[in-house]
Amino acid sequence: MISDRVLKVKPSATLEITARAKAMKAGGVDIIGLGAGEPDFDTPEHIKNALYEAVEEGFVYYTPTRGIIELRKAVARKFLNDNRISYDPEKEILITPGAKHALYEAVLAITNPGDEILLPDPYWVSYEPMIQMAGGVPVYVPTSEKKGFRLEPEKIKEKVTRKTKAIILNSPNNPTGAVLNGYDLREISEICIENDLIAISDEIYEKIIYDGKHISIAVLPNMKERTITINGFSKAYSMTGWRLGYAAAPADIIDGMNRIQEHSISCPTSFVQKAGVTALTESQDSLKAMTKEFKKRRNTLMKMLNEIDGVSCVTPSGTFYAFANFSCYERDSFKFASFLLEDAKVAAIPGRAFGNEGEGFIRLSYATSMENIKEGISRIKKALKSKA
Ligand SMILES: Cc1ncc(COP(=O)(O)O)c(C=O)c1O
């Protein structure tokens with residue numbers, strides 16, 4: 001009954017552990033959740049108010065497929081102010097229901113059957129199925145803890161073939177928290193130009209950055225015409241459930257993505273788009289306060305992790321995740337996540353869910369209270385002591 005295309009896609013590897021954690025919680029077990037993929041902050045009040053007003057005013061009908069021009073203009077202004085890139089809001093910006101859908105449309109719009117898409121490993125869980133559903137072939141570019149999960153240009157070159165169509169970049173990176181530096185980005189851009197590759201740059205964690213500076217690859221010479229930049233509101237404005245994102249790319253690619261959007265979703269939700277304008281154009285204080293709090297939590301988490309014998313963790317420069325190496329206790333990250341759940345009563349994501357290079361690691365999210373972080377890591381420490 002099910003198509004080959006869909007059968008090729010593996011169900012989410014994190015599902016089992018999160019389902020078990022949920023069931024245990026529902027059964028009254030006190031579980032500390034360090035698995036969250038979304039901020040634990042509420043959406044700022046002024047953004048919510050903009051949505052209420054839009055509904056009150058009857059802004060409840062289909063909008064243009066590309067999104068309302070007001071929001072496309074706000075996105076273009078954001079690119080100009082924050083990233084120094086100029087986009088035409090009429091032709092080069094697309095509003096989408098979330099960054100995830102923008103990424104899927106981008107991959108669908110550029111991939112022919114058999115095209116290879118380079119994927120730095122560890123990678124966010126949805127890239128691989130997106131490539132597969134589009135008929136493409138994911139080609140993994142390893143990154144390692146030893147090198148701070150830096151995406152080495154040399155390693156990219158080794159994987160480029162005649163079939164390579166694009167590379168997916170994700171900085172700050174989920175799950176490692178690594179941020180691409182300007183030097184590497186320049187070399188990566190040169191590889192793209194030499195080999196006629198498209199860069200799909202997922203910048204959803206752009207604003208959640210503590211060390212270093214976010215640079216969009218599209219700003220580099222001759223890159224704008226071969227880059228699809230993806231971003232959204234989920235992380236920066238705590239709007240995961242609102243489903244709002246956007247893409248900026250050359251007009252022909254945006255046209256292609258728009259065609260998919262036209263025949264699948266019609267348009268992003270009307271009143272949510274109005275709130276998006278407010279998010280981008282009004283006070284950014286909540287975002288600043290949230291990032292400040294995440295940084296404090298990151299520092300506490302890192303300090304506590306470093307006190308556990310045998311555990312190592314590259315300090316994440318951005319996101320709200322830490323990718324910690326527990327392989328000296330257990331190489332199989334699924335077994336180890338299961339042990340954490342059963343013995344420490346801590347829910348976290350096994351590194352293998354993020355690709356082969358993630359084996360031996362656990363992704364710990366600090367999108368939870370300082371109290372939970374402290375309690376969670378103390379429990380892990382205790383459980384490891386009794387395991388030893
Ligand atoms: C790297 C990365 N890209 C994209 C997304 C999806 O974001 P959205 O909620 O805007 O679809 C996520 C969400 O976890 C993510 O971690």
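This is a predicted model: local features need pLDDT of at least 70, side-chain atom pairs count only at pLDDT 80 or more; totals for chains, interfaces and linings use all residues.
Now to how the two parts meet. On the domain 1 side, 36 residues are in contact with 33 residues of domain 2. The area buried between domain 1 and domain 2 comes to about 2900 Å², and carbon and sulfur atoms give 60% of that area. Within domain 1, the residues that lose the most area to domain 2 are Ser 317, Thr 319 and Phe 354; together they make up 20% of what that side buries.

Between domain 1 and domain 2, the count is 18 residue pairs in polar contact, with both residues at pLDDT 80 or more. As for salt bridges, the rule finds two across the interface of domain 1 and domain 2. Arg 298 also forms a salt bridge with Asp 211, and the closest N and O atoms of this pair are 2.7 Å apart.

Which elements supply the domain 1 side? Those giving two or more residues to the side that touches domain 2 are helix 11 (285–306), strand 9 (312–313), strand 10 (321–325) and strand 13 (361–365). Helix 11 gives the most, with six residues. By residue class, the side of domain 1 that touches domain 2 divides into 17 nonpolar, 10 polar and nine charged residues.

Terms used:
Residues are numbered from 1 along each chain as its sequence is written. Side-chain values use heavy atoms; hydrogens and water are left out. Contact means heavy atoms within 4.5 Å. Buried area is the accessible area (1.4 Å probe) that two parts lose on being put together, summed over both. A salt bridge is a side-chain nitrogen of Lys or Arg within 4 Å of a carboxyl oxygen of Asp or Glu. A polar contact is a pair of N or O atoms within 3.5 Å; within protein, one must be able to donate a hydrogen and the other to accept it, and residues adjacent in sequence count only if both atoms are side-chain atoms. Helices (H or I, at least four residues) and strands (E, at least two) are DSSP runs, numbered from the N terminus. Ala, Val, Leu, Ile, Met, Phe, Trp, Tyr, Cys and Pro count as nonpolar, Asp, Glu, Lys and Arg as charged, and the others, Gly among them, as polar.
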